[in-house]
Amino acid sequence: MTDLQPARGTHDLIGEDQRRFHRVVETARRVAATYGFDEWMTPIFEDTRVFARTLGETSDVVMKEMYSFDDRGGDSVTLRPEGTAGVCRALVSNGLTQSLPQKVFYAGPMFRYERPQKGRYRQFHQIGTELIGPAEPLADAEVIACGWNILQALGVAADTVLELNTLGDKDSRQAYRDALVAYFTDHRANLSDDSLTRLERNPMRILDSKDESDRRIVAGAPTIAPYLTDAARTFYDKLQEHLTRFQVPFRENPRIVRGLDYYGHTAFEFVTSRLGAQGTVMAGGRYDGLVAEMGGPATPAVGWAAGIERLSMLMDQAPAPPAPVAVVPIGEAAEAAAIGILQSLRAAGIRAEMAYRGNLRRRMERANRIGARAAIIIGDDDIAAGLAQVKNLASGTQEAIPFSDLPSRLT
Ligand code: ATP
Ligand code: MG
């Protein structure tokens, strides 16, 4: 076989790419833990029904993007396109619906059959949080504040803006839906085929269309504000007050509806102008209907997910790994002793490496090539004395150090 490439829309993470990726996950995990989120890991494939029913039949994800296949036993399974459905399925399967609240953090791969472009892949990765149980707008504000703190900790907050909207409660949405149907029906001649389908099943989703002609029509569509019930209005006002107390800046955008169904009340996106068309880095909202859809009791919940690749692209270079120490034995007896030294350094948390072969010159060249900060040179004659020559490769100075002192001296 020749010329094997990664499958379209997938990529290998190596070197700096992997370091950034790791930094996003580690930072998010650490910040989310300070809010009391626990990490869950759910399978990367699920029974297709977990997604097909719950994400909404008219969402892009379900209509066009799912990686579904029949396994050898004839069951339809799907590579997860997002994390929330699996977390809600897990809540129900593990009998946790009576142990609320559950505060869940996750990180891992997601799969969508998309047209690959910058910031849009077929295997991509998300971090996410879900706060399951509380119905209060304080929960929405806290989940958003956690996301904002993560963006701050990654150094990308200055490049992003929180756009906030409400989708209201059921009654607000019903009234708004009628208004949208009336409006879009007047413009149906210019709607895309996808949006004509949405008009039948879920007209609010037309607001999220990426089609150019749709977008021109959407620009003139009614907003939800006049259709909000008093309860929905109060919820939205409280959310905004809390966000201000959490010191999370935001701006309202009445066009934010979220790509997936089962959202209500809060919908938000952290967007950037630095990634072209793929400007949404973190997105979420309240999804009070989803747990019931999985067969559990009616359970309020709010959460968000963020694309790790898009966050990585906004970040400054990740810090390089610490420079290693090279152990350089000259001779067979020295090599035997060097293994013990190598392991004592590693046990002390020091990055230490030793070449598998080569004379002094070769090994010193290699030490420089791997960017070593010091070379620990051991000759056969040094073993009895238990002394190594330690050469500082930045300054060139050299010093004899007892074997047993090496870990503490090189920390
Ligand atoms: P978009 O409008 O860009 O298609 P979406 O609404 O489909 O996004 P969500 O389902 O809300 O995205 O996923 C949350 C986040 O996951 C997005 O904001 C983005 O950062 C990331 N994301 C989604 N799809 C992809 C993809 N195909 N490749 C890379 N990142 C993605
Ligand atoms: Mg999408």
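**Helix packing and its surroundings**

Modeller: Helices H1 and H5 are oblique to each other (under 35 degrees is roughly parallel, over 145 roughly antiparallel, 65 to 115 roughly perpendicular, the rest oblique). This is a predicted model, in which local features need pLDDT of at least 70 and side-chain atom pairs pLDDT 80 or more, while totals for chains, interfaces and linings use all residues. Residues are numbered from 1 along each chain as written, chains are lettered from A and ligands numbered from 1 in written order, and side-chain values use heavy atoms, without hydrogens or water.

Helix H1 covers residues 16–34, and its axis lies 9 Å from that of H5 at an angle of about 135° (axes are fitted to C-alpha atoms, for helices over the stretch in contact; angles between N-to-C directions run from 0 to 180 degrees). On the H1 side, the residues that meet H5 are Arg23, Thr27, Ala28, Arg30, Val31 and Ala32. Their partners in H5 are Cys146, Asn149, Ile150 and Ala153 (contact: heavy atoms within 4.5 Å).

Helix H5, residues 137–153, also packs against H9: the two axes come within 8 Å and cross at roughly 40°. That angle makes H5 oblique to H9. From H5, the residues Pro137, Leu138, Asp140, Ala141 and Ile144 take part. They meet Phe235, Lys238, Leu239, His242 and Leu243 of H9. Helices are DSSP runs (H or I, at least four residues), as are strands (E, at least two), numbered from the N terminus.

Turning to the rings, the whole structure holds 6 aromatic pairs (Phe, Tyr or six-membered Trp ring centres within 6.5 Å; planes under 30 degrees stacked, over 60 edge-to-face, the rest tilted). The pair of Tyr67 and Tyr113 is edge-to-face, because its planes stand at 70°, with the ring centres 5.8 Å apart. Tyr67 belongs to strand E3 (67–70), whereas Tyr113 sits in the loop between strand E5 (102–111) and strand E6 (123–132). The pair therefore ties together parts that are 46 residues apart in sequence. Tyr67 is partly exposed at 26% relative accessibility, and Tyr113 is partly exposed at 45% (buried is under 20%, exposed over 50%, partly exposed in between, with a 1.4 Å probe and protein chains only).

A tilted pair is formed by Tyr176 and Tyr227, with 5.9 Å from centre to centre and 35° between the planes. Tyr176 is part of helix H6 (170–186). Tyr227 occupies the loop between helix H8 (212–219) and helix H9 (230–245). This pair thus ties together parts that are 51 residues apart in sequence. Elsewhere, ring pairs join Trp148, Phe268 and Phe270 into a cluster.

Glu309 is located in helix H11 (residues 308–314) and is buried, with a relative accessible area of 9%. Beyond its neighbours within four places in sequence, Glu309 touches His11, Phe21, Tyr121, Gln123, Phe124 and His125. Ala158 is 151 residues from Glu309 in sequence, and their C-alpha atoms are 18 Å apart in space.
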